[in-house]
Amino acid sequence: MRVGVFGTGHVGLPTAAALAHLGHDVVATDVDAEKLSALSVGRLPFYEPGLEDLVRGELASGRLRFSANPTATVTDRQIVFVCVGTPPRASGEANLLALERAAEIIGRHATGRLVVVEKSTVPAGTARRMQETLARYNGVVSFAVVSNPEFLREGCAVEDSLQPARILVGSDSGEALAVMRELYAPLIELGVSWIETDVRTAELAKHACNAFLAMKISYANALARICELAGADVVAVADAMGADPRIGRAYLDAGLGYGGYCFPKDVAAFERLSARLGYRFRLLEEVAEINGQAVGFAVQKVEEILWNLEDKRIALLGLAFKPGTDDVRFAPALEVARRLLAGGARVVGYDPQAGATAKAELPELEIAADAYAALEGAHCAIVCTEWPEFRDLDLERARTLMSFPILLDGRNLYGDAAAAAMARAGFTYLATGRHPRPAVPASIH
Ligand code: UGA
């Protein structure tokens, strides 16, 4: 099928590449012409495992192209995906201007029947707005707006696009649903679960999923506090909970809380949407509140153990909002850094991928070339992102490099055996919602 994709960000690019991989003819566009030129030669604007290879492969196959020309991306297409950004406004509501602009271009350039798919996360009711906008700019063509929410995770975007857990498609047009079934036929044939609803239900289901996952994380973070106060272990509690298939273990990892460009803004947008509809979704207010506290508790622990932050050098291991990405948008690590800097500490961060993006977002943050360079002279280290390479730190080397061997594990990266090894190596190891491990031999140098 002939597909157009608006937006080549974290959602649009994997979507375009995956659809090309399924055999469709895909042309993707973006407001950023420089980005389109780089993409046309296979250079990606962000790090996402496996995506560069997929894009290059599909460019070579000729099934994927990038173009700023609306004729290529709209006029001769059967389906156009809208994957543009929906950043938060100060009120927490989603800013949908990019969607309206995309609808204008689509409206102006469409010449025949067109299915317009909203893939960006949008408040319920947006499809109706899109439909009205398309009709305003084009009274001739018949458009069908479909909601096909994206469930892909950064860091696993390729896998989530090519082997999704389910495909959700909402439309009030039976004809448009048939077009979407044809588009996704290769995945449906592989047994991927296919869910059809009306358009508003699909829009709402996306909000419901992200908010529910965020709620699980906040539940785990609240439990972590209680475990610390009660002398219990939050990882063991989560394991016990997760053994019940009705609960499930996923998204019960306590730590510095959720970040990224989805959960924080989606929880806020869902809460705002509910309020506008006349229901105060207090549960979501609490989810966001608990999430905001997680960073504060970590910083408190650092202050508790270091006394004054002035004159202290603090190493942050991991800056991205999660491993597998260079994305630092709403990253808890940067919030930790801001608070420590505000307290007068010197903050040095290292991340396998996100050093440059973090520096651009927070210029006061020093970026080290590797974990050991960050640890050199540090009075405390905080694991902010659970990159696997931090599991294999050479403890002896780390301890000799640090001024005080204190490690705060903001992601509970280290299991019991690793925590015990750390204590034996002279570290004071503080986890989140778990028993602290004092250093076996005291060592301050
Ligand atoms: C999330 C959803 O998981 C996707 O299904 C959805 O498509 C996407 O948002 C979106 O709306 O576009 P993503 O933000 O890429 O995906 O990342 P996640 O892996 O879900 O993690 C989000 C945050 O929660 C990260 O900061 C992560 O560290 C944190 N987290 C996750 C925890 O603190 N604890 C957990 O147990 C799990």
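Trainee: Why is the crossing of helix 13 past helix 14 called right-handed?
Mentor: A crossing is right-handed if the near helix is turned clockwise from the far one by less than a right angle, and left-handed if anticlockwise. Helix 13 passes helix 14 in the right-handed way. This is a predicted model, where local features need pLDDT of at least 70, side-chain atom pairs count only at pLDDT 80 or more, and totals for chains, interfaces and linings use all residues. Residues are numbered from 1 along each chain as its sequence is written, and side-chain values use heavy atoms, with hydrogens and water left out.

Trainee: What makes helix 13 and helix 14 oblique?
Mentor: Their angle. The axes of helix 13 (residues 282-306) and helix 14 (residues 332-342) cross at roughly 45° and come within 10 Å. Angles under 35 degrees count as roughly parallel, over 145 as roughly antiparallel, 65 to 115 as roughly perpendicular, and the rest as oblique. The pair is therefore oblique. Axes here are lines fitted to C-alpha atoms, for helices over the stretch in contact, with angles from 0 to 180 degrees between N-to-C directions.

Trainee: Which residues make that contact?
Mentor: Helix 13 gives Gly 292, Val 295, Gly 296, Val 299 and Val 302. Helix 14 gives Pro 332, Glu 335, Val 336, Arg 339 and Leu 340. Contact means heavy atoms within 4.5 Å.

Trainee: How many of them are nonpolar, polar and charged?
Mentor: Six nonpolar, two polar and two charged. Ala, Val, Leu, Ile, Met, Phe, Trp, Tyr, Cys and Pro count as nonpolar, Asp, Glu, Lys and Arg as charged, and the others, Gly among them, as polar.

Trainee: Why is helix 10 called oblique to helix 11?
Mentor: The axes of helix 10 (residues 199-230) and helix 11 (residues 234-242) cross at roughly 135° and come within 9 Å. That angle makes helix 10 oblique to helix 11. The crossing is right-handed. Tyr 219, Ala 220, Leu 223, Ala 224 and Cys 227 of helix 10 meet Val 234, Val 237 and Met 241 of helix 11. By class, that contact has eight nonpolar, no polar and no charged residues.

Trainee: What makes helix 1 oblique to helix 3?
Mentor: Helix 1 (residues 12-21) and helix 3 (residues 51-61) have axes that cross at roughly 50° and come within 9 Å. The angle puts helix 1 oblique to helix 3. Helix 1 passes helix 3 in a left-handed crossing. On the helix 1 side are Leu 13, Pro 14, Ala 17, Ala 18, Ala 20 and His 21; on the helix 3 side, Leu 51, Leu 54, Val 55 and Glu 58. Eight of these residues are nonpolar, one is polar and one is charged.

Trainee: Why is Glu 52 called partly exposed?
Mentor: Its relative accessible area is 32%. Buried means under 20%, exposed over 50%, and partly exposed in between (1.4 Å probe, protein chains only). Glu 52 lies in helix 3. Beyond its neighbours within four places in sequence, Glu 52 is in contact with Gly 42 and Leu 44.

Trainee: Is Val 5 buried or exposed, and what is its relative accessibility?
Mentor: Val 5 is at 0%, so it counts as buried. Val 5 sits in strand 1 (residues 2-6). Leaving out residues up to four places away in sequence, Val 5 touches, among others, Gly 12, Ala 16, Phe 81 and Cys 83. Thr 29 is also one of its contacts.

Trainee: What shows the pairing of strand 9 and strand 12?
Mentor: Two strands pair if DSSP finds at least two bridges between them. Strand 9 (residues 313-317) and strand 12 have four, in the parallel sense. Ile 314 is the bridge partner of Cys 380. On the other pairing, strand 12 and strand 13 (residues 406-409) run parallel over three bridges. There Ala 381 stands opposite Leu 407.

Trainee: What makes strand 11 and strand 14 edge strands?
Mentor: The open sheet has six strands in the order 11-10-9-12-13-14, paired in parallel. Strand 11 (366-367) and strand 14 (428-430) each have a single partner strand, so one side of each lacks a neighbour in the sheet. Helix 13 packs on this sheet, touching strand 9, strand 12, strand 13 and strand 14. Its direction makes about 165° with that of strand 13.

Note on methods
Helices (H or I, at least four residues) and strands (E, at least two) are DSSP runs, numbered from the N terminus.
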